[in-house]
Amino acid sequence: MVKIHFSRKQLCIPYGLFLALFVVIPMLLILFYAFTETVDGTIRFSFANFLNFFTSTAKLSTLLMSFTIAIISTAICLLIAYPLAYILARSKFKKKNVLLMLFIMPMWINFVLRITALRELLDLIGLLGTDNYLNTIIGMVYDFLPFMILPLYTTLEKLDNSYLEAAADLGGNKFTVFTRVTFPLSMPGVISGITMVFMPSMTNYVVSDTLGNFNITILGKLIDQYFTTYDNWHMGSMISIILLVIIFLTMLLTGRFKDENRDARGANLW
Amino acid sequence: MAELKKSEKIIEIVNVSKIFDETAAVEDVNLYVRKGEFITFLGPSGCGKTTTLRMIAGFDIPTSGKILLNGKDITNLPPNKRPVNTVFQRYALFPHFNIYDNIAFGLKLKKIPVTYVNDKGETYTKLQKLTRKEIDEKVKNALAVVDLEGFEKRSVSTLSGGQQQRVAIARAIVNEPEILLLDEPLGALDLKMRKEMQIELKEMHRKLGITFIYVTHDQEEALTMSDTIVVMKDGRIQQIGTPTEIYNEPANAFVADFIGDSNILNGTMVDKFTVRFCNHNFQCVDDFEKNEKVDVVVRPEDIEMTDKENGMLSGRVISVVFKGVHYEITAMVGRSEMVIQSTQSRAVGDIIGMNIAPDNIHIMKKEFTVNKYDGYISKKNTVIFGDGKFDCDVTQLYPGSHLDEEGYLITADGEKIDLTDVDVTVEVGLQSIEISDNADEGGAQGHIVSLIYKGDHYQYIVRTEENEEDYVFDSEDLWNENDFVSVKIKPENIRLQLKQEMKQNG
């Protein structure tokens with residue numbers, strides 16, 4: 001029998017291959033397509049797509065639309081999830097994990113199935129087709145709410161009760177204790193909740209197509225259209241790159257916020 | 001010390017109990033705190049001291065009873081409405097604020113009445129927030145009190161444990177509370193820092209002149225700092241007194257054992273002001289009923305060491321430990337160990353004499369002389385009590401009776417009695433209980449919750465989990481606190497009495 005020895009480095013090979021095949025090469029391809037154009041069957045380097053995106057009112061308004069839908073959905077998610085997570089986390093109810101699971105359970109059901117079901121439901125109550133924006137936002141909130149609840153619940157549950165007691169002891173009523181201590185200390189959860197909801201809300205066009213009757217175009221939809229309908233891979237790639245940069249910038253911004261907060265939390269590890 | 005009007009009670013706790021999930025954390029506590037005094041709640045963990053403090057702060061509401069502040073009922077007042085501030089065990093400094101904002105937290109929320117005179121010369125008062133300048137000044141002063149000038153802009157995470165402790169104190173005292181509550185504030189500090197902070201806290205108490213209510217499990221800390229000590233155990237107050245009183249006149253064996261070192265011995269009152277222990281009759285200053293069994297407490301430093309001929313007691317030295325200022329000498333007197341503190345040394349094996357002055361012999365009522373339970377007979381010769389099931393001898397219920405083959409009791413008159421489910425009271429002597437670490441061996445199982453050394457034996461309390469029934473017993477064997485054990489009692493040592501019959505007789 002041949003003895004096979006693996007070094008740690010060799011064990012990385014499968015993942016490296018995967019990374020190269022499905023991440024690095026596609027990224028390079030997108031970059032390549034984004035900064036080229038096809039003229040008379042020949043491909044050449046060009047900034048045309050980039051300029052085109054930022055000069056086209058249609059595309060910019062799609063960007064704005066995506067932003068608006070994402071911001072509104074995230075805000076509604078936060079407004080629903082925060083009180084819920086707060087009540088769940090701070091209650092002395094012993095079976096609260098069961099309650100939490102009830103809110104998280106939709107995540108286990110297939111996404112397309114869930115959206116289709118929601119469409120049927122909206123149709124049933126006569127809302128479908130009346131206001132496509134509203135329905136899209138309902139869909140986004142419905143779909144991404146668990147992603148907001150979970151990080152909020154985790155942060156609030158870990159929150160040391162003695163901070164709240166100290167704030168009350170120093171003269172804070174329930175409202176001031178919340179605004180000055182509970183909420184600021186739960187910021188890491190708020191930030192990660194926002195990140196988890198905001199980004200997919202910008203691009204998830206299955207929701208906007210299914211519930212908005214194909215009348216709502218968000219960035220994800222636009223990319224899809226350039227690749228499939230218009231057969232213009234260059235423009236599709238460029239929009240993907242722009243979306244990537246936006247997401248990257250958001251991550252950078254929220255990530256820094258989170259780090260600062262984690263620093264402050266480290267202080268409690270006396 | 002700030003002027004102390006003896007009669008002025010700032011806090012009164014009246015018949016307060018606090019029950020968490022059916023277990024009483026605090027049971028029927030009554031005490032008062034004088035204005036300006038430094039009072040300490042002292043006791044082992046789980047004794048209810050922190051719960052009592054939290055009820056004064058307003059974090060917990062008593063299940064029953066009242067708490068009065070300056071004569072006014074504050075039992076149900078929320079924490080923010082009480083002129084009381086707390087220094088938390090783990091400081092609880094807000095991590096998202098710097099030191100300045102932490103200390104200014106209470107000041108920014110505070111509204112004080114300000115009196116104005118209007119055009120017509122009428123005066124009126126308005127609740128008004130403190131100005132920026134006033135807050136600045138107060139924070140600066142508070143930082144000066146705790147010796148942390150210039151730390152305003154620092155973040156909490158850059159401070160050492162001792163510094164965080166000081167900030168926590170500054171954050172509380174800056175609000176000029178009438179009472180400062182301190183919940184084991186020095187628990188997380190190392191020994192040297194703790195000693196320093198003890199002195200500083202005492203100094204702060206003197207300077208500020210406000211009432212300090214302090215919680216600790218460290219008896220030395222309590223003795224050094226307090227004007228009054230409240231010793232607690234199992235949610236009940238054991239003794240209230242000055243450090244000197246608590247040390248010199250412990251109310252019971254628990255207090256004696258918890259505060260300082262002590263020899264606790266079994267004694268019997270043989271006459272007025274005469275107690276017998278270690279086979280010798282001693283003059284004493286306490287009067288108990290003749291022939292009463294008592295606990296005798298003698299402090300190690302109160303035993304005078306002499307030549308063997310001149311001592312009331314004599315014993316053989318079995319160990320000598322040098323403790324810096326004194327030697328700690330342990331001698332066997334008969335079957336009892338006696339610990340002596342002396343500046344003179346002796347060699348192991350020496351025979352020494354010991355004298356004890358009458359006022360150094362502290363006599364206290366024995367807490368337990370017999371275990372009593374309510375129980376019932378379950379089937380032939382088995383009794384259920386104290387969360388356990390034990391074999392017993394039911395024939396003792398009816399003199400001259402015997403059991404027939406089916407398990408019925410036949411009395412001396414030939415009457416047949418079914419004892420199943422009959423209620424009885426059960427008594428078991430302290431000497432009649434044995435324990436085993438084999439859970440199946442005994443009739444009941446529980447954890448050892450207390451052990452007190454009594455010269456030649458230990459007194460243990462085993463508490464069951466289900467209904468927290470206690471088995472108190474004496475044993476010469478050494479077990480550890482929290483050991484899980486089973487309780488064995490021989491059938492002949494279980495004394496039964498019919499409840500019904502007692503009623504008839506009574």
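**Chat on chains A and B**

Biologist: What share of chain B counts as buried?

Modeller: Of its 506 residues, 37% count as buried. Keep in mind that this is a predicted model.

Biologist: How many helices and strands does chain B have?

Modeller: Chain B has 9 helices and 35 strands.

Biologist: And what does the C-alpha trace of chain B span along its principal axes?

Modeller: About 105 × 60 × 45 Å.

Biologist: How is chain B split into domains?

Modeller: The domain assignment gives four entries: domain 1 is 1-83 + 177-235, domain 2 is 95-174, domain 3 is 261-365 and domain 4 is 370-505. The C-alpha centres of domain 1 and domain 3 of chain B lie 35 Å apart.

Biologist: What part of the contacts in chain B comes from residues 24 or more positions apart?

Modeller: Counting contacts with a separation of 6 or more, such pairs account for 64%.

Biologist: Helices next. At what angle do α2 and α4 of chain B cross?

Modeller: Roughly 30°, and the axes of α2 (residues 99-109) and α4 (residues 161-173) of chain B come within 7 Å. Angles under 35 degrees count as roughly parallel, so α2(B) is roughly parallel to α4(B).

Biologist: Is that crossing left-handed or right-handed?

Modeller: α2(B) passes α4(B) in a right-handed crossing.

Biologist: Which residues meet there?

Modeller: From α2(B), I99(B), N102(B), I103(B), F105(B) and G106(B); from α4(B), V167(B), A170(B) and R171(B). By class, this contact of α2(B) with α4(B) has 5 nonpolar, 2 polar and 1 charged residues.

Biologist: Now chain A. How do α5 and α7 of chain A pack?

Modeller: Helix α5 (residues 96-104) and helix α7 (residues 132-158) of chain A pack at an angle of about 150°, with their axes 9 Å apart. Over 145 degrees counts as roughly antiparallel, so α5(A) is roughly antiparallel to α7(A).

Biologist: What classes of residue make up the contact of α5(A) with α7(A)?

Modeller: It has 7 nonpolar residues, no polar and no charged. On the α5(A) side they are L100(A), F103(A) and I104(A), which meet P146(A), I149(A), L150(A) and Y153(A) in α7(A).

Biologist: How many residues of chain B are in contact with chain A?

Modeller: 24 residues of chain B, against 21 residues of chain A. On the chain B side, β6 (84-87), α2 and α4 each supply at least two residues.

Biologist: Which element gives the most to that side of chain B?

Modeller: α2(B), with 3 residues. The residues on the side of chain B that touches chain A divide into 12 nonpolar, 10 polar and 2 charged.

Biologist: Changing topic to backbone angles: what is the phi of D147(B)?

Modeller: Positive, about 65°, although D147(B) is not a glycine. D147(B) lies in the loop between α3 (132-145) and α4 of chain B.

Biologist: Is D147(B) buried or exposed?

Modeller: D147(B) has 11 other C-beta atoms within 10 Å. The cut-off for exposed is 12 or fewer, so D147(B) is exposed.

Biologist: And what about the phi of E176(B)?

Modeller: E176(B) has a positive phi too, about 50°, and is not a glycine. E176(B) is found in the loop between α4 and β9 (179-183) of chain B.

Biologist: How many other C-beta atoms lie within 10 Å of E176(B)?

Modeller: There are 16, so E176(B) is partly exposed.

Notes: Residues numbered from 1 in each chain as written. Chains lettered and ligands numbered in written order. Predicted model: local features only at pLDDT ≥ 70, side-chain atom pairs only at ≥ 80, totals over all residues. Axes fitted to C-alpha atoms, helices over the stretch in contact; angles between N-to-C directions. Helix = DSSP H or I, 4+ residues; strand = E, 2+ residues; numbered from the N terminus. Parallel < 35°, antiparallel > 145°, perpendicular 65-115°, else oblique. Left-handed = near helix turned anticlockwise from the far one by under 90°. Contact = placed C-beta atoms within 7 Å. Nonpolar A, V, L, I, M, F, W, Y, C, P; charged D, E, K, R; others polar. Buried ≥ 20, exposed ≤ 12 C-beta atoms within 10 Å, placed from the backbone. Domains from an automatic or database assignment.
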